[in-house]
Amino acid sequence: QSSLINSDIIFVKLHAPWEVLGKYAELMNVRMPFRRKIYYLHRRFKFMNRIEKQISRFQGWLPKKPMKLDKETLPDLEENDCYTAPFSQQRIHHFIIHNKDTFFNNATRSRIVHHILQRVKYEEGKNKIGLNRLLSNGSYEAAFPLHEGGYRSKNSIKTHGAENHRHLLYECWASWGVWYKYQPLDLVRRYFGEKIGLYFAWLGWYTGMLFPAAFIGLFVFLYGVTTLNHCQVSKEVCQATDIIMCPICDKYCPFMRLSDSCIYAKVTHLFDNGATVFFAVFMAVWATVFLEFWKRRRAVIAYDWDLIDWEEEEEEIRPQFEAKYSKKERMNPISGKPEPYQAFADKCSRLIVSASGIFFMICVVIAAVFGIVIYRVVTVSTFAAFKWALIRNNSQVATTGTAVCINFCIIMLLNVLYEKVALFLTNLEQPRTESEWENSFTLKMFLFQFVNLNSSTFYIAFFLGRFTGHPGAYLRLINRWRLEE
């Protein structure tokens with residue numbers, strides 16, 4: 001390790017030698033390549049070989065596939081053509097080691113160093129353990145893995161090649177000029193690890209599957225545009241100049257003609273027409289097809305990356321759990337080794353507190369939506385009596401616009417708050433393993449995001465205009481303001 005002093009900040013750089021990497025790779029059951037895969041090709045007849053040659057010769061005249069990356073710029077990823085097994089120093093001669101400096105890739109080295117730092121003891125005492133505790137008490141400001149080299153180069157990657165893996169990823173993946181090309185998932189996996197590689201695999205698959213949905217949605221919109229002049233509902237609304245509608249508020253809102261809603265009726269038809277039913281059925285089928293095809297794609301990636309039994313082998317006790325419950329240990333009936341033990345009463349009490357926190361935050365969202373409803377009800381009459389004629393004549397538009405802006409600010413603010421609350425509640429539960437921690441955090445974030453982003457939509461779909469009453473007997477909020485129609 002070495003230190004670099006820059007004014008008041010001291011940087012400490014850590015490096016793990018080969019002996020440390022090998023020792024902890026064996027303890028962590030890190031899978032490494034040990035034998036190459038052999039692909040058996042089927043025997044083909046001479047006639048089929050001639051046809052394939054003619055087809056390949058014809059394809060040579062055609063432009064290359066634009067969405068595929070050039071194989072010349074990408075390195076030959078040898079680990080994808082090998083079977084893997086948990087690393088063992090006693091059987092090190094079975095593994096394919098060309099160079100000890102590059103045998104463990106960047107992601108694996110960072111993972112091993114992070115594993116060590118999470119479990120190292122810095123003071124006497126069972127709770128004085130782990131890098132996270134040093135970060136929380138202010139001993140260190142931050143801890144992060146370093147990139148190896150810069151992502152820019154003066155020389156072109158086509159003429160001089162990539163200077164490092166980061167430069168190669170930037171040119172072939174993170175650059176706007178290659179947005180239409182397939183992702184180099186094997187290279188992403190080698191640099192960032194399997195979890196991030198799987199995430200971007202899912203993101204790319206999801207983006208590709210959105211193309212048919214976007215095409216059908218565009219077709220529905222164009223159908224609405226072409227049938228706009230033939231819509232019977234909008235025709236009747238636009239021609240109803242003699243039908244008088246009740247005012248939307250009590251004192252300052254004037255009576256309206258039904259034909260004043262002509263533009264609104266036409267705009268509604270663009271998105272809500274006869275083809276919308278077909279689009280809804282298509283999206284229901286699309287969601288199922290997307291999920292099932294992603295399962296196939298994920299299975300292929302898991303086989304290529306040798307991740308079939310990865311979750312079972314990677315289960316490790318979190319260092320925070322070990323530090324918290326190290327005083328209470330019991331024998332593991334499977335391994336026969338002592339391990340930290342969390343009492344059932346302690347676990348239930350923590351789950352109850354966490355569930356109460358989730359319920360409280362969901363109630364905060366519902367209260368925020370209810371506050372927006374009250375704001376809309378109150379400001380309609382306020383804008384209708386406004387001094388400026390522009391706002392007074394467009395009181396409904398002004399109310400809706402300001403309510404949307406306030407709702408957007410509340411959603412973004414609660415998103416920031418939710419992530420911190422979910423993180424706090426998940427750490428309060430003290431999950432035993434990393435997978436349990438991730439599942440618990442994901443569930444909380446899903447509940448928070450679902451309620452936060454869709455509460456307004458549910459209000460519009462199921463409550464707006466359902467409880468307004470009728471002229472002469474309107475339902476009022478706190479016996480004063482009329483509910484929205």
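Which helix does Glu 429 lie in? Let's start there. Glu 429 sits in helix α17, residues 395-429. Helices here are DSSP runs of H or I with at least four residues, strands are runs of E with at least two, and both are numbered from the N terminus.

Before going on, a quick word on what we're looking at. This is a predicted model, so to speak of local features we need pLDDT of at least 70, side-chain atom pairs count only at pLDDT 80 or more, and totals for chains, interfaces and linings use all residues. Residues are numbered from 1 along each chain as its sequence is written, and side-chain values use heavy atoms, with hydrogens and water left out.

Back to Glu 429. Is it buried or exposed? At 12% relative accessibility, Glu 429 counts as buried. Buried means under 20% relative accessible area, exposed means over 50%, and partly exposed is in between, using a 1.4 Å probe and protein chains only. If you skip residues up to four places away in sequence, Glu 429 touches Gln 342, Arg 350, Leu 351, Ser 354, Ser 440 and Lys 444. Contact means heavy atoms within 4.5 Å.

Okay, zooming out. The protein chain has 18 helices and 12 strands. Of its 485 residues, 28% are buried. And if you take contacts with a separation of 6 or more, 62% of them are between residues 24 or more positions apart.

Now some helices. UniProt, in an unreviewed entry, puts "transmembrane region" at residues 199-225, 275-294, 351-377 and 397-418. Those positions are in the numbering used here, feature names are shortened, and annotations may be inferred rather than shown by experiment. In the model, residues 199-225 are 100% helix and 0% strand, with end C-alpha atoms 38 Å apart. Residues 275-294 are also 100% helix and 0% strand, and there the end C-alpha atoms are 28 Å apart.

Next, look at α9, residues 194-226, and α11, residues 262-271: their axes come within 7 Å and cross at roughly 140 degrees. The axes are lines fitted to C-alpha atoms, for helices over the stretch in contact, and angles run from 0 to 180 degrees between N-to-C directions. α9 and α11 are therefore oblique to each other. Under 35 degrees would be roughly parallel, over 145 roughly antiparallel, 65 to 115 roughly perpendicular, and the rest is oblique. On the α9 side the contact uses Val 220, Phe 221, Gly 224 and Val 225, and on the α11 side His 269, Leu 270 and Phe 271.

Last topic: rings. There are 22 aromatic pairs in the structure. Rings of Phe, Tyr and Trp (its six-membered ring) pair if their centres lie within 6.5 Å; planes under 30 degrees apart are stacked, over 60 edge-to-face, and the rest tilted. One of the pairs is Trp 18 with Phe 104, tilted, at 5.5 Å centre to centre and 45 degrees between the planes. Trp 18 is in helix α1 (18-27) and Phe 104 is in the loop between α3 (100-103) and α4 (106-119), so this pair ties together parts 86 residues apart in sequence. Both Trp 18 and Phe 104 are buried.

Phe 87 and Phe 95 have ring centres 5.2 Å apart and planes at 45 degrees, so that pair is tilted. Phe 87 is buried at 2%, and Phe 95 is buried at 9%. To finish, ring pairs link Trp 18, Phe 87, Phe 95, Phe 103 and Phe 104 into a cluster.
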